Amino acid sequence: MEAMKGLTYRKINEDIASIGHRVGKAWLVVFGLDLLVLTFGICCWFYQLFKGLGVTGYTRPAMWAVYITNFVFWVGIAHSGTLISAILFLFRAGWRQAIYRVSEAMTVFAVMTAGLFPLIHLGRIWFFYWLIPYPNQRQIWVNFRSPLVWDVFAVSTYFTVSAIFFVVGMIPDIAAMRDRETGLRKKLYSLLALGWRGTSRNWKHYAQTYIYFAAFATPLVLSVHSVVSWDFAMAQNPGWHSTIFAPYFVAGAIFSGMALVVTLIVPIRKAFKLEQYITDWHFDAMAKLILFTGNIVTYSYLVEFFMAWYSGNPYERQAFWDRAFGPMGWAFWVMAACNCIIPQLLWKRRNRTHIPTLFVITLFVNVGMWYERFVIIVQSLNANFSPWIWRGGYKPTFVEWGITAGSFAWFFMYFLLFVRFLPTFSITELKEILPRPFRRSRKEKAA
Amino acid sequence: MNEPHHGISRRDFLKLVGATAGAATVAGCLPPKADRLIAYVNPPNDDIVGLSTWYASTCDECPAGCGIHVRTREGRALKVEGNPAHPVNKGTLCARGQASVQGLYNPDRVPGPKWKRGGRWLDVKWDDALWMLQEKLVAASATAGAIQFWTGGETGTWNALLDDWCAAHGAERVAYEPFDYAPVKEAAKRAFGTSTVPIVDPSKAKYLLSLGADFLDTWGMPLAQARGYDAFHSARGGVMGKHVQVEPRLSLTGHNADEWIAIRPGTEGLLALGLAQALGGGVSGYDLARVAQDCDIAPDTLARLVKELQENRPALVLGPSTAGSGTNATETWAAVFLLNRALGSVGTALSPSPGFDPGNTASFRAARQAVNRLGSGNVKLLFVHGTNPGYWLGSATGFSQAAGKADFKVSFSPYYDETSSLCDLILPDHHALESWGDAEPVKGVRGLRQPAMRPVFQTRQTADVLIGLARAEGGAKAAKFPDATFREHLIRRWGGNADVFNNQLTQGGVYPADLPTGGAGGGGGVPALVAPALAGKGDFTLYAYPHPYHADGAGANKPWLLEIPDPVTKVAWDHWCEISPDAAKKLGVDYGDVLAIDTGSAKVELPVAINPLMRNDVIAVPTGYGHTEYGRYAQGRGVNLFDFLPAAEDASSGGRAFLATKVEVTKTGKPWTLIHTGGPGRQADRAVARAIPLTLAGAPAGAPEPKGEPTPAGSDMAHGPAAGPEGTPPFLTMPTFRDRTSQLNGLHEKQLAPDAYQPPTGYNQYNRAHHRWGMAIDLSSCIGCSSCVSACYAENNIAWVGKTNMVRGREMAWLRIERYYEDVEGGIETRFVPMMCQQCGNAPCETVCPVYATYHNPEGLNVQVYNRCVGTRYCSNNCPYKVRAFNWFDYDCWVSPLNWQLNPDLTTRSKGVMEKCTFCLQRIREGKDIARDQNRDVRDGDITPACAQGCPTQAILFGDLADANSRVAKTAKDARSYHVFADLNTLPSITYLKKVSRRIKEETPVPAEAEVEA
Amino acid sequence: MANVLDVVKQAQQGQAPPQPIPQFSHKIHAGDNHIPCLYCHIGADKSPVARVPAVSTCMGCHKLVGTDKPGVIMLTQYWNRQQAIPWVKVNDIPDHVRFTHERHIQAGIACQTCHGEIQTEDHVKLAHTLNMGFCVTCHKARLNDPVHATSLDCATCHK
């Protein structure tokens, strides 16, 4: 805890609450660029809307491809947030306190991004509401046997809960910012602070609510991505129809989520000089978690191949042979390199705590996890049952890439706004981890 | 369709009637649906809006003259089906016949008379055009030989009329089509004293040796021959004749053979004589050793062949069709006929008299002489009808230049083709489905042709034009043509009694139940065979074969025929050349690379499709491409082989020698995206196409029902008077249960106040017990011709997507023919599998659809509700057969008037919707409706989907599996039956019958799972 | 879009758009003079389509009947021009639905069930929106009808 020397409540308030003011010009530039990309993505989407999905590289058998890949990717990202804020909270893992706010924000925004893709991917998006069960004069209902309907419930639930959790957790900090602000900002914060006065009753209720939501969110971390994985596991395609998908996907989700947390925190830490708050200790812990989940994922890959061979099922065997050595085998090897091999560097403590190295590794993991979903979806579809339909593979067009880029822009738009206007780190919890003697500085004592 | 309603033209009028007829779904391709109800002013007596009317006619797509039924709705021809009573096709129809409606509604037809001024086509009035022509005609007919009249090969009344007319005007008639059968006719004359192509019926033979005859696809009367072949080869009851195909490049016919002998091109006659000698056919000097050497066939193979021929008499032998006919074609065929005599098939399996008359086409030689006369400048006036010399003889014989010499050139072509572009005046003829006429492909088989609808464009039937011209001249010429119209002329020729004639119309003509057969005298003797003369030099022999759909190029502007993959190579849209894998390795090219083909005199470039079933020293190229005119779909596609091939001819008959040259083949290094449908072409041990050795297939236990006659037009006949489309005189509609006009009688008893309306008594006799619709497909019968695919396109409003989308595998076909190569002893066996929605009883697609857009209906169908579909495409992912097609765009393919062909009985699908085979739900509904109306149950055979209806070998059987006595239910229990991917427990409604194969010793190995029969 | 259409139709319900021959009245024909519907709408009981009477059908009577009435005079003008009368469509089922009059009429469903008390109307009104809800309600009610059991199978109408 040496790094935290010299920190006081006041300093923490200063440092964190002032981030929004310290962003400066750079923020505007970044935000502008971000909006540019987003606009391009939206244009691509409109183009697709008017011409039809044919403007993408989609074809039979690759009826699902980049869009669903993005969906699963973002849902996955969304996981680490709740994991850190809820599960680690319940387990009282001290190191989470510095970073959980960032990852919670990430969660909410990631779900908001993920939610777009099932819609973008629809052939007739203007009828998307037919996937929601509602009473209608046609007297027709949704098909509750379809995993896609389960998705609708899973994702929307997850979004609601994590959003509330996010907002509730911020109340004291927003109150703190409210007290420092003036004018319009003050009004807004006052609104969000829900009249927080910091009385002990406030604190009591706050703590209870927080624990309650943590407990409530915990099962969701596991359920949501399990449900998403069933989109595939419930179908009979070789390469999809597998029982390990749920745990395999959850592990993958945490893996990718953690990686992105690091990817996001490193620049923030640098930009706002928060070395004191986010220390090697934190990065070390996160790196360990990445290494751990990474190895679970690696293990799952191996199990998949083993089962394909061991089952003797010709379809499965063919599918997995193609996955590695088929026309699109390269995608598999990108995935394997990024998710299985590179993370092994984290066995060395030096790599875990050497920020640039860690940063680069997490970038690779992000790429790798995107490709994992791509491989699972496109490769499996290409290696389907009917040999007559086997086709060289699938080439995305600028539309898919444009919309994918747009989705990242969409995510970062929210994240940048978050950094600008909301407490990026939990003032409250940071104070909690201060060692006692430092809770008040001598000056203040004297005064 | 919201036009202002004063002065509605007839065409709009029909459109709008269509709209009221609930055909608003056509809106898929037309402006938004009508907000007006436009009714008839004077309704035809029989036409109940919303019900089909059927007309019998005769197909005009090839010389075989098949009988057809044309389905019309609100005065529009929608679909063509075979006439079950007609002896040539007995209810079946080929892909080209199915696509004839796209010729009728072709957007590139000549809309009316056109006059060329300053290189541009101007509209003219019919009267002005005829007046102009009259003048020239009178002038030209003064001097003999000043008029040349080019026509296609015709038969029947029209043919006679042409001759009379030409005689009257001192015109020289040149009937030319490139596939002229001249060598066969010539050889038949020598051998049998006939001048026709002998009728081939394999069912009467025990053994079939085809020396390059593509008799299932492009030669002779394919449908009749396919029917005979099915009886001969489909192993019903365990007996199956052996079919040996001797060909340098395996044709579609050859793909069905039990053995393939890759003979050196042009040496077929030699082989025939060698065999004749070995079999004691009174031939000498052709001992097998020499023959084996010259033909490049292993001697022991020959020995075996001889033995088999000896043991299996009568054995049928056929000579080379178009592709294999070289400069020695006549002698080759003479040798073949000689061999047939020796094998005792003449008069039975091969009956020379009366024989098949493909039309009185002049030989290639005669055509060239005519071109020379044309070039000499004596010809002042040139008429062209029903033939396209500009494309077939363009530069091959310099027709294009020669035509320039004539003062005035008149084309009667309904299309802007290469020839009409050379002309000064186009007087467009009707399409066959709009015209009167008759055809006599075989003496005694006389088919009638009648208009199925009003002309789509401002066209006139050429016969009427000619008669009009002659009568206008008056005097002797007029006297020759007493009848004012061709129809009257036709009636006179058919006996002069209008009532009798009308009756004949309902039958589609006068014909015996079966094709007449008979032997003939005449000896012939041993032909003096010479080796074929091949121009050019190079390692490859150019093997030019007729494209199965485009044939001589006539089909090249029909989108269906371009989109449906070629049955052998599975290439679509583009023109290609074929070489063997070894040759490809030697040249270092891969599929789609562009090859340069050089005859020495000409050089072309074509992308290559690699075909494992051909000789290494042969390069095969289909004809029918390379149009410079003829329409938006045909133009600028590939190479015109008729120009490219050297103008060689068969010495004896003067027929064109298509096997004419050797070529230099070189790699250009240019890439080309050549569409290839269907993965690796192997089935990766998935047992999609299963086969059973003949030895095991023997047991007739539970052998499938004898197929009997196809049952398209149903059994119970209800004649009723019907007016043709306005303008054409009333004639009877089809005798078919779809025609419910008879129920017009008794209408007036039902004229009660609606609330007092009593349903007819006994109404509920209709048995509402659930059906379970199912299909049985006999892989032993399927010859892979893809007729079913085109029928499906025609029936179900399936969009064609064009090359760019097809490259991405986005074809919309609901039904495809999967062609798998299987390694067997002695080479590769081809297996064709018609693959469409299996209507699974336990369907993977249904469980995953989030909105119930696809669901299981009480009759066992997986119904796809287009309205409900949101396009998640999950169903397609979960479908093991991958038979679902997604609408990636709103395909604007139905360019007006092609949209007239759309079937108003089902939805035209739009962007973002999944679609698939429905077992022709609309036909099921129709069948049930009729059963209800007649207070009876649906009978086996009442309902026939489009694919099953047209199938040349009736390989597809449809019916009610719930009815234990239905043919399909019985066939499904056959020993050979199996389900594709049965191991996935999808419980398909489609049962396949294993192909019976001579070439395997035991069953195809099947993945352990697949043995778990559902 | 379907629902949008519904909304539009709800608005149209009960409205009677102006017709090319405003004087034409179902009340006079079907009501006062008890002319059976099927007399003019020939084929409604044997075809999916209840045919709008051809001009010739109208003239069948109006050559002689009421020739002095303005409506009949307009009709006669159409007839003399041999031109179809552009009636405005009032009852319109949604796209991509295969409704058949034949089955319903043969099952004894009165025309009024869907078209309202037409014999009392001078101008045809849209009695019911004829949307899916309307059809399904009735089909559900008669699911187990002893004589004419209906079906809720989507394929009954959607093809």
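How many residues lie between β5(B) and β6(B) in the hairpin that they form, and which residue in the turn has a positive phi? The legends below begin with that turn.

**View 1. The hairpin of β5(B) and β6(B).** Two residues separate β5(B) from β6(B) in this hairpin, and G118(B) in the turn has a positive phi of about 55°. Strand β5 (residues 114–117) of chain B and strand β6 (residues 120–123) of chain B run antiparallel and are joined by four bridges, where strands are DSSP runs (E, at least two residues) numbered from the N terminus and two strands pair if DSSP finds at least two bridges between them. Within this pairing, R117(B) stands opposite R120(B) in β6(B).

The model shown in every view is predicted: local features need pLDDT of at least 70, side-chain atom pairs count only at pLDDT 80 or more, and totals for chains, interfaces and linings use all residues. Residues are numbered from 1 along each chain as its sequence is written, chains are lettered from A and ligands numbered from 1 in the order in which they are written, and side-chain values use heavy atoms, with hydrogens and water left out.

**View 2. The open sheet of chain B.** Seven strands form this sheet in the order β6-β5-β17-β16-β15-β7-β8 (chain B), with mixed pairing; the edge strands are β6 and β8 (171–175) of chain B, each of which pairs on one side only. Strands of a sheet pair through backbone hydrogen bonds, either parallel or antiparallel. The antiparallel sense is seen where β5(B) pairs with strand β17 (residues 425–426) of chain B over two bridges, and there W115(B) stands opposite L425(B) in β17(B). The parallel sense is seen where five bridges join strand β7 (residues 147–151) of chain B to strand β15 (residues 381–385) of chain B, with W150(B) opposite V384(B) in β15(B).

**View 3. The salt bridge of R109(B) and E434(B).** The side chains of R109(B) and E434(B) meet in a salt bridge at 3.0 Å, N to O, a term that requires a side-chain nitrogen of Lys or Arg within 4 Å of a carboxyl oxygen of Asp or Glu. R109(B) lies in the loop between α3 (100–104) and β5 of chain B, and E434(B) in the loop between β17 and β18 (437–442) of chain B, so the pair ties together parts that are 325 residues apart in sequence. Over all chains, the structure holds 61 salt bridges.

**View 4. The interface of chain B and chain A.** Here 57 residues of chain B are in contact (heavy atoms within 4.5 Å) with 55 residues of chain A. The two chains bury about 4800 Å² between them, 54% of it on carbon and sulfur atoms, buried area being the accessible area (1.4 Å probe) that two parts lose on being put together, summed over both. R686(B), Y874(B) and N877(B) supply 15% of the area that chain B buries against chain A, more than any other three residues. Between chain B and chain A the count of salt bridges is zero.
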